[in-house]
Each structure stands twice: as C-alpha cells, then as structure tokens.
Amino acid sequence: MMGRRFNWFNLRPRPGYVFFIVFFEMFVLMLFAPALVNIKYDFFGKSYSRASLISGVFDATGALVSLMLTPVFGSLSDDHGRKFFILISACGMVLQSAVLALGVNLWFYMATRLFNVSALGLCFAYAADCTTKAERSRNFGYALATMFLGMIAGPIVSATLSTEDGFRIATLLGFVNLAFIAFIVPESIGERSRTHFREVQQAREAQEEQQRNNQQQPKQEAAESTDDSDADRTIVVDSTSKLLPDDQVGADSVLLDLSPPPLKRQVSMNPFVSIKYLTRKPFLRTIGLVTFFSTLAENGIIETLLIFLKKHLHFDKDDNADLLLVIGISAFSVMLCFYPLMLKAFQERRIITFAIFVNMVRFSLYCFIDRKYEALVLESFSGFSFVSFPACSSYVSKNVSSREQGLAAGALAGIRGMTSGLGPLLFSGLFSLFTSSRVPFEFPQAPCALAAVSLFVAVVLSLQLPNLDPVKRARTVAPSADKLTSGGAVVGGTAGDKNPRLMTVKI
C-alpha cells in the first residue's frame with residue numbers, strides 16, 4: 001500500500017492527524033492571501049475589471065485540473081490508501097508559496113494555481129476511515145474548526161510581517177506540513193482490503209483445483225454443479241487455501257462460501273465517472289445539485305468579492321486581513337460551539353438548509369452596504385455558511401457503504417472543483433462587465449446578487465432531501481455447533497464463541 005511503507009513510527013490512524021493537516025493548509029494560505037489582491041491589482045495595470053477577469057480565468061483553469069484529479073484521487077485512495085494522495089494534494093500549496101517567495105513574475109504564480117488540488121475531501125475520507133458513523137459529523141466539524149483556526153492565526157501573523165517575509169514563512173511551514181504527512185501520518189486503510197481480494201482469488205483457484213481433481217464424481221453431477229450458478233458452493237480449506245479431505249478438517253480450517261466472487265472495482269481515470277456516482281440514487285442526485293448551486297456561489301465569488309470591496313469600499317491589505325480574521329473567528333466559533341448543538345437538535349438535511357439560507361441572506365445584504373464596518377458585520381455571520389460542507393459530507397457518508405467513502409467524498413469534491421472553475425469565470429466576468437463602459441449603468445454588486453439567486457435555488461433543493469436511515473452493516477451470526485451447511489455454518493463451536501474453529505467467509 002502506497003502510504004503504509006512510510007509509516008516509520010507504526011502509529012495508529014486517528015482523526016487528529018487530519019486536524020493538523022487542514023490547520024497548516026489554511027494557515028499557510030492566510031499568510032500570503034491578504035496581499036494578493038493588491039499585488040494583482042498593481043500587476044495588471046491598476047484595472048479592476050482586468051485583474052478580476054484574468055484571475056477568474058486562471059482560477060477556472062485550475063479548478064478544471066482539480067475537477068479532473070480530485071474524484072480520481074478519491075476513487076484511487078479507496079484501493080491504495082489516503083496518505084499518498086493527501087501528500088500529493090498538499091504539494092500544490094507549497095508550490096504556490098515557494099514561487100511567491102522567490103519573487104518571480106506573477107504569471108508564474110498564476111501558473112502554479114493550475115496544479116492546486118484540494119486535500120480537504122481526502123482528509124474527510126481519512127477521518128471517516130477511523131471513526132464510526134455516529135462520530136463522523138462531529139469529527140468533520142472539528143476538522144473545519146481547526147481549518148478556521150488557521151484562518152484566524154494566519155491573518156494575525158501576516159499583519160506583523162512584511163509581504164516578502166510572509167511568503168518565506170509560508171513556504172517553510174508548507175514543507176513542515178509535507179514532512180508531517182510523509183513521516184508521521186499513518187495510513188488509514190489497513191491490509192484488510194487487499195487481504196479480502198487475495199482471499200477471493202485463492203478461493204477461486206481452490207475451487208478450480210477441486211473441479212479438476214474430483215474425477216470420481218459423475219460427469220452429470222459436475223455439469224449440474226457448474227450450471228447451477230445461483231447455488232452456494234462451499235469447500236473446506238486451511239490457512240494456506242489448500243483443499244482438505246473431510247477426515248482432515250482441523251481446528252484452523254476455514255469454510256469458504258465460494259459463490260462467484262465480485263471482481264475488484266476498476267478505477268476509471270475519467271473524473272466524470274466518479275461524479276456520475278451521484279446519479280445512482282435520488283438522494284445522491286439531490287445532494288449533488290445542492291452542492292453544485294451552493295458551492296457555485298461560495299467558491300466562485302471569493303476572489304471577486306475581495307476585488308469588489310477594494311473598488312467599492314477601498315479595502316487594502318490590512319482591511320483584507322481584518323476581513324479574513326473576522327471570517328475565521330466566526331467560522332471557528334460556529335463549528336466549535338454551535339455546530340455540535342445543531343447536530344443534537346436537527347438532522348443534517350435541515351442543517352444544510354439553514355446554513356445555505358444564512359449565506360443567501362448575507363450575499364443579498366452585500367448589495368446595500370456602503371461602509372467598511374458593514375462588510376465586517378456581515379462576515380461575522382459567515383461562520384454559519386460553512387456548516388453546509390460538513391453537513392453534506394456527513395449526510396452522504398452515513399448513507400453509503402464503507403467501501404465507497406472515498407468515491408463519495410471524491411464525487412462531492414469533484415462538484416466543488418467544477419464550481420470552483422465555473423464560479424470564478426462567471427462572477428469575475430459579471431463584475432468586469434458591470435464595471436466597464438459597455439453597460440448603461442455601473443453595478444459592481446451584480447456578483448453578490450447572482451450569488452444570492454444561486455443560493456436560493458440551493459435552499460429550495462435542500463428542502464427536498466429525504467430523511468434516510470444510516471446504511472445497516474450486515475452482521476454475522478454463528479449457528480449451532482453440529483450443523484454444517486453449504487450456506488455457511490460454523491462447525492466445532494457455539495454461537496457465542498468469539499473464535500470458532502470453522503467460520504464462513506462471505507466473498
């Protein structure tokens with residue numbers, strides 16, 4: 001397994017590792033993000049429309065790359081482990097800060113954004129691997145709370161540093177995060193998955209060997225046994241998967257149910273195959289549409305909103321740092337205090353509706369502000385809007401099988417990647433249009449109005465989410481000691497034995 005070979009300290013997987021990773025990801029980003037708006041504005045000829053449009057194009061292109069890679073990473077991680085792909089995703093942030101620290105042309109930084117793949121979805125899948133379904137919502141919330149803690153610490157530290165020092169420290173901490181992932185974080189998917197597929201192959205080979213060597217059996221019975229594909233076929237094998245005669249069944253023998261085993265899931269390199277996973281069931285289609293329209297506004301307007309505030313309210317680097325600090329404090333407080341209480345009082349589907357509604361009201365009010373403090377007041381409620389992501393992830397995670405956790409997380413992350421491409425292009429183009437002379441009137445608040453409309457659609461769709469019970473895992477009940485049937489009985493032990501001599505392995 002890709003990540004297991006680097007587990008030098010033989011540690012057990014825990015959700016706490018994810019908390020550290022997402023904290024450093026956001027902390028590094030917040031060290032250099034406040035200065036980027038002014039740098040872009042100056043570099044692109046002090047033109048708001050040009051800076052917004054070019055940034056939107058590069059954000060859209062980078063999101064397209066993320067769309068191509070994120071679902072594939074999630075699907076591959078189900079079979080090969082989470083750690084390796086989390087490490088690859090974290091390299092993108094280090095690459096961006098390193099280019100800025102070297103002081104090269106800003107076009108090189110814009111190019112590095114093309115290789116930025118979010119590790120958040122994989123981190124959620126990692127946390128799901130080592131927690132129970134009842135604990136996932138809380139751990140998803142804690143993961144986001146630590147991420148927003150990084151959003152609080154980043155602007156505070158950035159305000160005390162020069163722009164160049166901020167870039168250098170961000171690069172150094174990025175390498176620290178990579179070292180932590182590579183050498184400390186253990187793999188969350190153990191050998192169980194690979195062992196399962198090895199047992200399938202060994203059982204199939206044992207069955208074929210039995211059919212070849214069993215020449216005493218009449219041909220008619222062999223033909224009927226071969227043609228009866230629906231019947232359960234069982235043999236007794238030892239720990240090395242060798243056939244044993246009936247008189248040699250020992251204490252270490254295992255009874256295998258050799259009904260035709262499923263083939264290993266083939267991972268497609270086409271990301272739309274992973275996103276297509278959300279079309280399998282009605283509730284997955286609905287949550288996919290909710291994620292699309294909500295993240296279209298949330299991810300698409302981020303860069304445009306900062307440029308809008310610079311043009312409309314004359315925000316500078318310190319104002320951007322204050323704005324991000326308020327967002328971080330609000331998000332951290334909501335995720336740490338209010339979100340656990342909301343989980344106890346409401347279902348995830350209702351939390352999703354409430355969170356998106358708060359976000360819709362916030363962007364609607366942006367159309368009417370004309371002072372800096374009003375923007376800070378609105379962002380003090382922004383923490384509730386971040387609740388929708390862990391709620392959506394928890395809603396899906398509780399209603400899919402354990403073997404599909406990475407695929408489901410990758411599919412949702414793929415939709416977020418899609419909207420991260422469409423959104424910046426749409427909102428930056430709209431801002432550029434309504435701040436130019438091509439329209440009869442100037443309306444820089446147009447992106448905020450469009451975001452409110454998109455969120456309204458998401459609210460309506462979220463009201464249609466069904467109330468589903470968590471997927472029930474099958475439980476094996478050992479039958480009586482004296483029965484041995486082809487359907488899978490336990491021989492030589494009682495139903496209460498923890499280690500019966502013979503047990504059924506369902507392939």
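## Around Ile352

Leaving aside residues up to four places away in sequence, Ile352 touches Ile287, Val290, Ser388, Ala391, Cys392, Tyr395, Ser462 and Leu465 (contact means heavy atoms within 4.5 Å). This is a predicted model, where local features need pLDDT of at least 70 and side-chain atom pairs count only at pLDDT 80 or more, while totals for chains, interfaces and linings use all residues. Numbering starts from 1 along each chain as its sequence is written, and side-chain values use heavy atoms, with hydrogens and water left out.

## The cores

Ile352 also turns up in the largest nonpolar core, a set of 96 residues in which Leu309, Ile352 and Tyr366 touch the most other members. Such a core joins buried Ala, Val, Leu, Ile, Met, Phe, Trp, Tyr and Cys residues through side-chain atoms within 4.5 Å, with buried meaning under 20% relative accessible area (1.4 Å probe, protein chains only). A second, separate core has 19 residues, among them Val28, Leu36, Leu100 and Leu173.

## Helix 11 meets helix 18

Helix 11 (residues 282–300) and helix 18 (residues 446–462) have axes that come within 8 Å and cross at roughly 160 degrees; helices here are DSSP runs (H or I, at least four residues), numbered from the N terminus. Axes are lines fitted to C-alpha atoms over the stretch in contact, with angles from 0 to 180 degrees between N-to-C directions. The two helices are therefore roughly antiparallel (over 145 degrees).

On the helix 11 side, the contact includes Val290 and Phe293, and on the helix 18 side it includes Leu455 and Ser462.

Note on methods
Buried means under 20% relative accessible area, exposed over 50%, partly exposed in between (1.4 Å probe, protein chains only). Angles under 35 degrees count as roughly parallel, over 145 as roughly antiparallel, 65 to 115 as roughly perpendicular and the rest as oblique.
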